[in-house]
Amino acid sequence: QVQLVESGGGLVQAGGSLRLSCVASARTFTSYNMGWLRQAPGKDSEFVAAIRWSGGATYSYYADSVKGQFTISRDNAKNTVYLQMNSLKPEDTAVYYCAAERPGPIVGRTPGEYDYWGKGTQVTVSS
């Protein structure tokens with residue numbers, strides 16, 4: 001069982017930045033693919049970014065809508081994954097969830113592929 005706790009959400013003006021953090025309880029944190037997903041009001045949850053650690057290297061994946069705007073990273077020593085969000089837009093408003101996917105070579109790009117979820121943190125971008 002993996003427990004995930006997000007932090008760092010809040011209210012920000014358009015063009016601003018936020019950094020989300022997620023601390024995981026997993027004993028073998030490095031083996032899990034970690035992702036960020038979001039759900040906007042009235043919409044289905046969607047993939048935002050994911051990161052995999054393998055052989056000492058990290059591999060990052062992004063939804064097209066956030067490429068060049070968001071950066072995912074992980075600190076294995078702290079069992080923590082981050083999402084740096086820059087140039088935020090009102091359409092980025094959503095609840096952001098940290099999620100973990102059981103070890104595997106293929107990183108999940110859909111919400112259904114993730115096995116463990118945090119409770120989410122609200123990000124609101126005002127225009």
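Strands are DSSP runs of at least two residues and helices are DSSP runs of at least four, both numbered from the N terminus. In this predicted model, the chain contains 0 helices and 11 strands.

**Overall dimensions and packing**

- The radius of gyration of the chain is 14 Å, which agrees with the value near 14 Å that a compact globule of 127 residues would have.
- Along the principal axes, the C-alpha atoms occupy a box of roughly 40 × 25 × 25 Å.
- Of the 127 residues in the chain, 45% are buried.
- Among contacts with a separation of 6 or more, 59% are made by residues 24 or more positions apart.

- An open sheet is formed by 4 strands in the order 1-3-8-7, with antiparallel pairing.
- Its edges are strand 1 (4-7) and strand 7 (70-75), each of which pairs on one side only.
- From one strand to the next, the twist averages 15°.
- Within the order 1-3-8-7, strand 3 pairs with strand 8 (residues 80-85) in the antiparallel sense over 6 bridges.
- In strand 8, Met85 is the residue that stands opposite Leu18.
- In general, the strands of a sheet pair through backbone hydrogen bonds, in either a parallel or an antiparallel arrangement.

**Aromatic pairs**

- The count of aromatic pairs comes to 2.
- One of them joins Tyr32 and Tyr116 in an edge-to-face arrangement, with 6.4 Å centre to centre and 70° between the planes.
- This pair links distant parts of the chain, 84 residues apart: Tyr32 belongs to the loop between strand 3 (18-24) and strand 4 (33-39), and Tyr116 to strand 10 (residues 116-117).
- Tyr32 has a relative accessibility of 12% and therefore counts as buried, the limit for that class being under 20%.
- Tyr116 is likewise buried, with a relative accessible area of 11%.
- Tyr97 and Trp117 also form an edge-to-face pair, at 5.8 Å centre to centre and with 70° between the planes.
- Because Tyr97 lies in strand 9 (residues 94-101) and Trp117 in strand 10, this second pair ties together parts that are 20 residues apart in sequence.
- Trp117 counts as partly exposed, since its relative accessibility is 33% and that class lies between 20% and 50%.

**A charge over a ring**

- The ring of Phe29 has the charged end of Arg74 sitting over it, 4.5 Å from the ring centre.

**Glu101 and its surroundings**

- Glu101 is located in strand 9, the strand that also holds Tyr97.
- With a relative accessible area of 8%, Glu101 is buried.
- Leaving aside residues up to four places away in sequence, Glu101 touches Tyr32, Asn33, Ile106, Val107, Gly108, Glu113, Tyr114 and Asp115.
- One of these contacts, Tyr32, is also a member of the aromatic pair with Tyr116.
- The C-alpha atoms of Glu101 and Glu46 are separated by 15 Å, and the two residues are 55 residues apart along the chain.

Notes. Residues numbered from 1 in each chain as written. Predicted model: local features only at pLDDT ≥ 70, side-chain atom pairs only at ≥ 80, totals over all residues. Heavy atoms only, no water. Phe/Tyr/Trp six-rings, centres within 6.5 Å; stacked < 30°, edge-to-face > 60°. Buried < 20%, exposed > 50% of the residue type's maximum accessible area, 1.4 Å probe, protein only. Lys NZ or Arg CZ within 6 Å of the ring centre and 35° of its normal. Pairing = 2+ DSSP bridges. Axes fitted to C-alpha atoms, helices over the stretch in contact; angles between N-to-C directions. Rg over C-alpha atoms; globule rule 2.2 N^0.38 Å. Contact = heavy atoms within 4.5 Å.
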